[in-house]
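Visitor: I would like to learn how to read a helix and its packing. Please take me through one case.

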Amino acid sequence: MAYDAIGSSTAFTATRTGCGPNCAQCPSRQHCLVRDADPMDTARWNGMVESLLNLPAGKALFDAGATAASTFSVRAGCIKTFTLDSEGNERVRGFHLAGDIIGLDTLTSERYPMYAVAIVPTQVCVMPREEMRQLTQHAPALMNRLIDRLSHSLRQALSLAGDYTADQRVAAFLLQMHDRLAPLPGRNMRLPMGRRDIANYLRLATETVCRVLTRFEQRGYLQVKDREIGLLDTAALRAAAHSLAD
């Protein structure tokens with residue numbers, strides 16, 4: 001699938017605001033790294049944000065191999081990261097939602113190792129890579145939070161490599177998305193990604209994901225309407241996910 005690439009991280013052509021956000025008043029603060037952080041760390045993080053970048057669906061944030069001058073924090077929307085195999089097929093590595101940071105894997109490298117594309121209209125905060133590196137010296141509390149997030153991401157990546165069934169993988173994914181999207185009580189969650197991307201990420205066939213969703217709906221675990229999914233029995237889904245629910 002072809003994407004409209006921005007190019008290098010220092011030459012954006014997407015809509016870019018002239019200044020960064022006020023982190024203390026940001027509506028996505030509850031998802032951000034500085035949630036409940038003390039005022040000094042919040043101000044330090046806010047000072048790193050150069051600007052806000054608005055990406056329409058299908059716009060690439062960066063390409064694999066591009067010079068990594070910036071890291072990014074998702075403010076709203078969803079970014080898909082992926083690599084390409086020798087035949088040009090995508091291998092989805094992750095979906096990044098509000099509060100997620102993209103580009104941490106470049107702190108010890110000067111180039112992005114994968115592609116990043118907005119799959120819905122998305123807004124990201126742009127931060128210089130070098131300033132992010134300096135958090136280790138000047139903001140140990142924020143750095144500890146970064147390490148916690150990296151550890152969580154590593155556990156998720158390792159879990160996908162396990163010998164789990166399709167039911168376990170899909171159930172765990174739905175529970176994770178529900179937790180991250182946090183729909184209002186009584187409201188269904190709306191997944192930003194389609195079945196094909198979900199299947200790619202879970203290392204399953206698209207038809208398999210569709211069959212599992214249908215089976216879960218027949219059992220009364222959930223209600224499905226296109227990308228809107230309502231979880232009706234989270235206990236049953238956790239049982240279906242087994243150890244992946246952790």
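**Helix H5 and its surroundings**

Guide: Helices H5 and H6 (residues 195-202) pack at an angle of about 115°, with their axes 11 Å apart. Axes are lines fitted to C-alpha atoms, for helices over the stretch in contact, and angles run from 0 to 180 degrees between N-to-C directions. The model is predicted: local features need pLDDT of at least 70, side-chain atom pairs count only at pLDDT 80 or more, and totals for chains, interfaces and linings use all residues. Residues are numbered from 1 along each chain as its sequence is written, and side-chain values use heavy atoms, with hydrogens and water left out.

Visitor: Which residues of H5 and H6 meet?

Guide: Contact means heavy atoms within 4.5 Å. Arg169, Val170 and Phe173 of H5 meet Ile198, Tyr201 and Leu202 of H6. By class, this contact has five nonpolar, no polar and one charged residues.

Visitor: Which residues touch the most other members of the largest nonpolar core?

Guide: In soluble globular proteins, nonpolar side chains tend to be buried together. A nonpolar core is a set of buried Ala, Val, Leu, Ile, Met, Phe, Trp, Tyr and Cys residues joined through side-chain atoms within 4.5 Å. Here the largest has 34 residues, and Met193 and Phe216 touch the most other members. H5 gives this core its largest share, eight residues. Among the residues that Met193 touches are Phe173, Met177 and Ile198.

Note on methods: Helix = DSSP H or I, 4+ residues; strand = E, 2+ residues; numbered from the N terminus. Nonpolar A, V, L, I, M, F, W, Y, C, P; charged D, E, K, R; others polar. Buried < 20%, exposed > 50% of the residue type's maximum accessible area, 1.4 Å probe, protein only. Lists of a residue's contacts leave out its neighbours within four places in sequence.
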